[in-house]
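Please look through the structure shown here before reading on. The text below goes from the whole chain to its parts.

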Amino acid sequence: MGHVDHGKTSLLDSLRQTSVAAKEAGGITQHLGAFVVNMSSGASLTFLDTPGHAAFSAMRARGAAVTDIVVLVVAADDGVMPQTREAMAHAQAANVPIVVAINKCDKPNADPQKVRIQLCSEGLALEEMGGDVQVVEISATKNIGLDKLEEALLLQAEIMDLKARIDGDAHAYVVEARVDRGHGPLATAIVRSGTLVPGLHIVVGAEWGRIRVLRDMSGQPVPSVGPSMPVEIEGLRGLPLAGDEIMVVSSEERARKLSNGRKIRLEQERLRKQSEEKVVMPEDVDEKVEMVEMTLIVKADVQGTVQAVTDTLKSLNSSQVLVNIVHTGVGAISQADVDLAQACGALIVGFNIRNMPSSVDAAARQAKINIRLHRVIYHLLEDVGNLIVSMAPGICETQVAGEAQILNIFELKGRSKAKGDDAKIAGCRVIDGRISKTARLRVLRSGEMVFEGNCQSLKREKQDVEAVGKGNECGLIIQEYDGFQIGDVIQCLELVNRKPKFVSSESGAVRIEC
């Protein structure tokens, strides 16, 4: 675990002698991957590679919950970052010991000692400071210190006396879930105890099934799977949620009964949450603020990513735009998604999914459905955030566009009936901004407002003008007001529409700022 781009996947690549990082969209992990690494000592270690981006907080929490040891990867040239702190919090919440791997120690600006001090200040009791947290300096790209990291992990496992029963029904957790075109719903799981074999009836969260095939991480069928081994399960009737517990049951009838009961409870919980989900308007926001709704359909490649993207998009709710996600799903965009989008005027967001069939693409174009496809989480959030900003009605505010000071007052007498009675002209100099004929004018005396009204006439050098800029002198008449005094300040007021802003922090967290 660790912050985005600190080298977690590169470290696994070095341990496995593969290159997953090069294939990742944008160079960042966007799934929770499980791998078995055969170490040089002959030991086998199962690693979970968690994403470091802020949007994938729930994935990191799941990763910490199903592991025995957390390897906290910190870049020596970057130090402790927001997701580093969050990873530590997840590990401590799950009561899982931490081994720190300070990566990128080969870089010229690397400062491992600074990282140690930062970790200590965050409350991590390092071994060299009298604590029990081991620290190893490594370089994933140069294969430096990997043998020491292996020793540290095996030592930590020995201290913990990690053991699991092999006999009896298996106890496992879903790490990730996806839909495959040829095999249907597939769940990637980690076995905690017992042994999984094909033919068993299982209940996974609210779904059930009979294990048809078990596959290892290379996609090869295996006869059985024991503790600490990642496995892909085929044979489920529906798609489970990432983090669901896998329970072995005695019969199909029992599995079906448990599944139906859980589905009813989940639906009740969903309806309860839906009724509670109300956008709370800040007390200081004007009641006249309009609110528009952005309706979304979210599709992604795996179940965990769907959850992460959905939760992050919901966090973009603001007092002006309500993000309403009407449907989520795993797999490519289907005709049903296009029909639903057309019925409710929704935007379809696809993340890391394969191209949709040409017939679906043609139907979407014909129905003029807005589809946004992305492979990098940064780009998706920025795209949807900018769409929200463009949709927002904005808040109309009165702003001071310019100020002028009255230097002299002229009286205009004996005007014609068409032009009205006598009038007073304020001879002014524009001291800031500009004075516009079409704007409203406010008269200030000693900082207090004495009148506000429309401009009747604005002249510069006896010529009618629309606006006068800073530094120029002009004469103006305000409708129904002639109480000018020398030294008064005239403000030019303009009505502007202030739109919200899409804000992305260095840690990757995003929000809409109204």
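This is a predicted model: local features need pLDDT of at least 70, side-chain atom pairs count only at pLDDT 80 or more; totals for chains, interfaces and linings use all residues.

The protein chain contains 10 helices and 25 strands. Of its 514 residues, 46% are buried. Among the contacts in the protein chain with a separation of 6 or more, 70% are between residues 24 or more positions apart.

Start with an open sheet of 4 strands, whose order is S13-S12-S14-S15 and whose pairing is parallel. Its edge strands are S13 (321-330) and S15 (371-374), each of which pairs on one side only. On average, and with direction ignored, neighbouring strands of this sheet are turned by 20 degrees against each other. Helix H8 (residues 335-344) packs on the sheet, where it touches S12, S13 and strand S14 (347-351). The direction of H8 makes about 180 degrees with that of S12.

The pairings can be followed strand by strand. Strands of a sheet pair through backbone hydrogen bonds, either parallel or antiparallel. Strand S12 (residues 292-300) runs parallel to S13, and 9 bridges join the two. One of the residues involved is Lys299, whose bridge partner in S13 is Gly329. S12 is also joined to S14, by 5 bridges and again in parallel. Here Ala300 stands opposite Phe351 in S14. S14 in turn runs parallel to S15, with 4 bridges between them, and Gly350 stands opposite Leu373 in S15.

How are the residues of S14 arranged, and which of them point one way? In a regular strand the side chains alternate between the two faces of the sheet. In S14, Leu347, Val349 and Phe351 point one way, while Ile348 and Gly350 point the other way. Because 5 of the 5 residues of S14 are buried, this strand is largely enclosed by the rest of the structure.

Is His374 buried or exposed? Its relative accessibility is 17%, so His374 counts as buried, the cut-off being under 20%. Leaving aside residues up to four places away in sequence, His374 touches Gly350, Phe351, Asn352, His379, Leu380 and Asp383. Gly350 and Phe351 are residues of S14.

Two packed helices are described by the angle between their axes and the distance between the axes. The axes of helix H7 (residues 303-314) and helix H10 (residues 377-391) come within 11 Å and cross at roughly 35 degrees. This crossing of H7 and H10 is right-handed.

Elsewhere in the chain, strands S8 and S9 form a hairpin with 2 residues between them. Gly205, in the turn, has a positive phi of about 65 degrees. Strand S8 (residues 201-204) and strand S9 (residues 207-215) run antiparallel and are joined by 4 bridges; in S9, Gly209 is the bridge partner of Ile202. S8 also pairs with strand S11 (residues 245-249), in the antiparallel sense and over 4 bridges. There, Val249 in S11 is the bridge partner of His201. From S8, His201 and Val203 point one way and Ile202 and Val204 the other way, and all are buried.

Helix H3 (residues 82-93) has 12 residues. From its first C-alpha to its last H3 reaches 17 Å, close to the 16 Å expected at 1.5 Å a residue. Where do its buried residues lie, seen down the axis of H3? The buried residues of H3 are Gln83, Thr84, Ala87, Met88, His90 and Ala91. They fall within an arc of 160 degrees, so they line one face of the helix. An α-helix has 3.6 residues a turn, so residues three or four places apart point the same way. Just after H3, Asn95 takes a positive phi of about 60 degrees.

The last stop is helix H4 (residues 112-121), which holds Arg116. With a relative accessibility of 8%, Arg116 counts as buried. Residues up to four places away in sequence not counted, Arg116 touches Ile102, Leu126, Glu128, Val135 and Glu137. Val135 is 19 residues from Arg116 in sequence, and their C-alpha atoms are 8.5 Å apart in space.

Key. Residues are numbered from 1 along each chain as its sequence is written. Side-chain values use heavy atoms; hydrogens and water are left out. Two strands pair if DSSP finds at least two bridges between them. Axes are lines fitted to C-alpha atoms, for helices over the stretch in contact, and angles run from 0 to 180 degrees between N-to-C directions. Contact means heavy atoms within 4.5 Å. Buried means under 20% relative accessible area, exposed over 50%, partly exposed in between (1.4 Å probe, protein chains only). The expected span of a helix is 1.5 Å times one less than its number of residues. The arc is that of the directions from the helix axis to the C-beta atoms. A crossing is left-handed if the near helix is turned anticlockwise from the far one by less than a right angle, and right-handed if clockwise.
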